[in-house]
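The following note is intended for a colleague who is meeting this structure for the first time. Its points are numbered so that each may be checked in turn.

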Amino acid sequence: MSNTPSINISDAESHVMEVLWRAPGPVVAEQVVVALSESQHWQSATVKTLLNRLLKKGAIAAQKDGRRFLYCAILPREAWLARESESLVQRLFGGRIAPLVAHFGSQRKLSQADIKELRKLIDELDDGQ
């Protein structure tokens, strides 16, 4: 995995992080509230609590802008995604990818497009070795 320090992000915090990762630049808390209002129905206080938790964990940074703060992600999404993916595969499939794919295949969760993409990926991996 990467050299990024290990920062545990809860499910609720990940929703806030997704807003910050998608933002073109720093955002105020109210922008995060608005972005999550439809999917999460959280009050402003809840979002501010989550922002403070993420700030304490070092996942985001805040810069004072007059009477408000501008927030931005420090933890790269790719680093978080790699860590979460590795954790999932380790926990549920003993670190092996094949049983993961077999599970989704047996549950009929793979579309024809998914299967085609997996075949292409396997071919590329075979060619690279």
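Which residues does Y71 touch, not counting residues up to four places away in sequence? The model under discussion is a predicted one, and the first point takes up this question.

1. Y71 and its surroundings. Y71 belongs to strand β2. Leaving aside residues up to four places away in sequence, Y71 touches L20, P26, V27, V28, A29, L51, I60, A61 and A62. Y71 counts as buried because its relative accessibility is 9%, and buried here means under 20%. One of the residues touched, P26, is 45 residues from Y71 in sequence, yet the two C-alpha atoms are 5.1 Å apart in space.

2. Strand β1, residues 60-65, pairs with strand β2, residues 68-73, in the antiparallel sense, and six bridges join them. A62 has Y71 in β2 as its bridge partner, so that Y71 is linked to A62 by a bridge as well as by the contact listed above. D65 stands opposite R68 in β2. The hairpin has two residues between its strands, and G66 takes a positive phi near 70 degrees there.

3. The crossing of α2 and α3. Helix α2 covers residues 29-40 and helix α3 residues 44-57; their axes come within 9 Å and cross at roughly 115 degrees. The crossing is right-handed. On the α2 side the contact involves A29, E30, V32 and V33, and these meet S44, V47, K48 and L51 of α3. Sorted by class, this contact has five nonpolar residues, one polar residue and two charged residues.

4. The loop between α2 and α3. H41 lies in this loop. Its phi is near 55 degrees, which is a positive value in a residue other than glycine. As background, most residues other than glycine have a negative phi. Is H41 buried or exposed? H41 counts as exposed, because its relative accessibility is 60% and the cut-off for exposed is over 50%.

5. The aromatic pair. By the rule applied, the count comes to one aromatic pair. W21 and W80 form this pair, which is tilted, with 5.3 Å from centre to centre and 40 degrees between the planes. W21 lies in helix α1, residues 11-22, and W80 in helix α4, residues 77-93, so the pair ties together parts that are 59 residues apart in sequence. W21 is buried, its relative accessible area being 19%. W80 also counts as buried, at 13% relative accessibility.

6. R22 in helix α1. R22 is likewise found in helix α1. Whereas W21 is buried, R22 counts as exposed because its relative accessibility is 58%. R22 and Q40 are 18 residues apart along the chain, and their C-alpha atoms are separated by 17 Å.

7. L110 between α5 and α6. L110 is found in the loop between α5, residues 97-106, and α6, residues 112-128. L110 counts as partly exposed, because its relative accessibility is 26% and this class lies between the cut-offs of 20% and 50%. Apart from residues up to four places away in sequence, L110 touches V101, F104, G105, I115 and L118.

Notes
Residues are numbered from 1 along each chain as its sequence is written. This is a predicted model: local features need pLDDT of at least 70, side-chain atom pairs count only at pLDDT 80 or more; totals for chains, interfaces and linings use all residues. Side-chain values use heavy atoms; hydrogens and water are left out. Axes are lines fitted to C-alpha atoms, for helices over the stretch in contact, and angles run from 0 to 180 degrees between N-to-C directions. Helices (H or I, at least four residues) and strands (E, at least two) are DSSP runs, numbered from the N terminus. A crossing is left-handed if the near helix is turned anticlockwise from the far one by less than a right angle, and right-handed if clockwise. Contact means heavy atoms within 4.5 Å. Ala, Val, Leu, Ile, Met, Phe, Trp, Tyr, Cys and Pro count as nonpolar, Asp, Glu, Lys and Arg as charged, and the others, Gly among them, as polar. Buried means under 20% relative accessible area, exposed over 50%, partly exposed in between (1.4 Å probe, protein chains only). Rings of Phe, Tyr and Trp (its six-membered ring) pair if their centres lie within 6.5 Å; planes under 30 degrees apart count as stacked, over 60 as edge-to-face and the rest as tilted. Two strands pair if DSSP finds at least two bridges between them.
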